[in-house]
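The sequence and the structure come first.

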Amino acid sequence: MRDRTTSIALLFPGQGAYSPGLVKRLMRQCPEVDPDLAAIRGVWLAETGVDLNDMVNSHDDIDAIVRQDPGTAQVVLFGASVALHRVLHERLPPAPVYLGHSFGEIAALTCAGAWSIEEGTRVVAARVRALSECVPGDAGAMVALSCQAERAVGLVQLVGDDDLVVAGSNGPGQVVVSGPTQGGESTEAVSRALGIATVRLSSPYPFHSPRMRPVVGPFTVALRAIGWRPDHLPVYSPILGRFYRSDDDLAAAVGEHLVLPFDFGAAVRELHAEGIKTFVECGGRNSLTGAVRRVLKASPDAEWRAVACDTGQGALAEAARRALTGLAANGTADFPSIRGEALLAELLRFLREALRADMATLLRDALADGPRASAEHPSGPVGDTNGGTHVQPEQPATFTPEPDRAALADATETQRSTPLPSAQDQRAANKSDVLDALVELYSEALEYPPEVLGSEVQREAELGVDSVKQTELLVRTAERFGLPPTPGNFSIGDYPTLGQIADLVLELAR
């Protein structure tokens, strides 16, 4: 049973949550992780005969690591999460909540004390062996879709492959399907025809699908041989939809993970409803931080924040350390009122919409009724550059809720007299104009300040924008500029910066 006075949850991401050179950066910046990483290397060598030194020193991205050795990729992800947890350990309250995403549940259970680091590494090795022995080489595929779960179910039914299933949901508008390779390819083709953004995930196996059933038995047997400690810290499973209990058969539960679906969004909502206010991601990139933001942005409770250890900027884990600094011994934090900041954010949204709608009507509604929350436009805190949402105790909101109506009326006339450029004008614009339009589009969609979206900023490496979101934004860009379809061999990874996206827009518009 968890301590309900604790308001912090640690997030442990799964497959794909790795940025190039993450482990090496950890070793250089955080010497306290050396004993844990040495233990992982030693056990992995004994279990698999593979020396991790080359992989630790590699600057390859996760796609390259998976292609080179899928098994080693899993232990590298595990090691990075365990090491980041170690970095934060001294600032943690006595009993935080641990939340793992898919494969990340193994790291979550390890850091919570169900297994020692050595035992957790043996669990990963047992999983890798069972997968390699029980699943054929072309096992299948996992595809992320930018749509709601109900629509994904319809797509799977349309494809008509019994082994193709909805593997899980990360939150609003982001669903994963898993199954045979042909089924995944059919899903991608149908989705593209319907205008749904898709991304093939960097996964060598179709996890959370019936295709993994042959692995469950051998993996469960290996887990029983390793054993576990039932008196670990609280761990919430998005697969089970609840906290692990002391009387759970952990071997059976973790073995069944391979075939059962997950619901990360529901897990975040449940924890937030139970009083969790701070979510800290222990892994590469910040995909879970962004997922938390998308899940909770419609929450009427603005008192929450989500931060990542690997932000792509500054020292590793520094943002998370700052988030944890000042927490009381029980993990609670004193959040100031941000009603003024939320009101300002809402009025700014009205001003942005005025470029495309009747400004006078919007302002009359805003000033008459005040900010209103809805599913499409929730009121709440603004996003931070780590992909999460935060409050700023050191800078209390100063917005005055009685604006100068005359000044707003002047602004109305100014903005109404400046129409948006037409699609034809935009196609003929120079690169600077295209960049300005892209910064506006991406800033609004990502809730990042425009000043951080320079033309050379790496969208994934520096801003943590995952491939699914990048693809969705590219679809919006195509609609905004009236572009033709991209070539069949197009890859979003070839255009990592806004400057390169601007070049692509100009090229396609010719």
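## Basis

This is a predicted model, in which local features need pLDDT of at least 70 and side-chain atom pairs count only at pLDDT 80 or more, while totals for chains, interfaces and linings use all residues. Residues are numbered from 1 along each chain as its sequence is written, and side-chain values use heavy atoms, with hydrogens and water left out.

## Helix α2 against α5

Helix α2 spans residues 34-48 and helix α5 residues 70-88; their axes come within 9 Å and cross at roughly 155 degrees. That angle makes α2 roughly antiparallel to α5 (angles over 145 degrees count as such). Contact means heavy atoms within 4.5 Å. On the α2 side, Asp36, Leu37, Ile40 and Trp44 take part, meeting α5 residues that include Gly71, Val75, Phe78 and Arg86.

## Helix α1 against α5

Helix α1 (residues 22-29) packs on α5 at about 30 degrees, with the axes 10 Å apart. The two are therefore roughly parallel (under 35 degrees). Leu22, Val23 and Leu26 of α1 touch Val76, Ala80, Ala83, Leu84 and Val87 of α5.

## An aromatic pair

Three aromatic pairs are counted, with ring centres within 6.5 Å as the criterion. In one of them, Tyr236 and Phe243 are edge-to-face, at 5.1 Å between centres and 85 degrees between planes (over 60 degrees counts as edge-to-face). Tyr236 is buried at 5% relative accessible area, and Phe243 is buried at 18% (buried means under 20%, with a 1.4 Å probe and protein chains only).

Technical notes: Axes are lines fitted to C-alpha atoms, for helices over the stretch in contact, and angles run from 0 to 180 degrees between N-to-C directions. Helices (H or I, at least four residues) and strands (E, at least two) are DSSP runs, numbered from the N terminus. Angles under 35 degrees count as roughly parallel, over 145 as roughly antiparallel, 65 to 115 as roughly perpendicular and the rest as oblique. Rings of Phe, Tyr and Trp (its six-membered ring) pair if their centres lie within 6.5 Å; planes under 30 degrees apart count as stacked, over 60 as edge-to-face and the rest as tilted. Buried means under 20% relative accessible area, exposed over 50%, partly exposed in between (1.4 Å probe, protein chains only).
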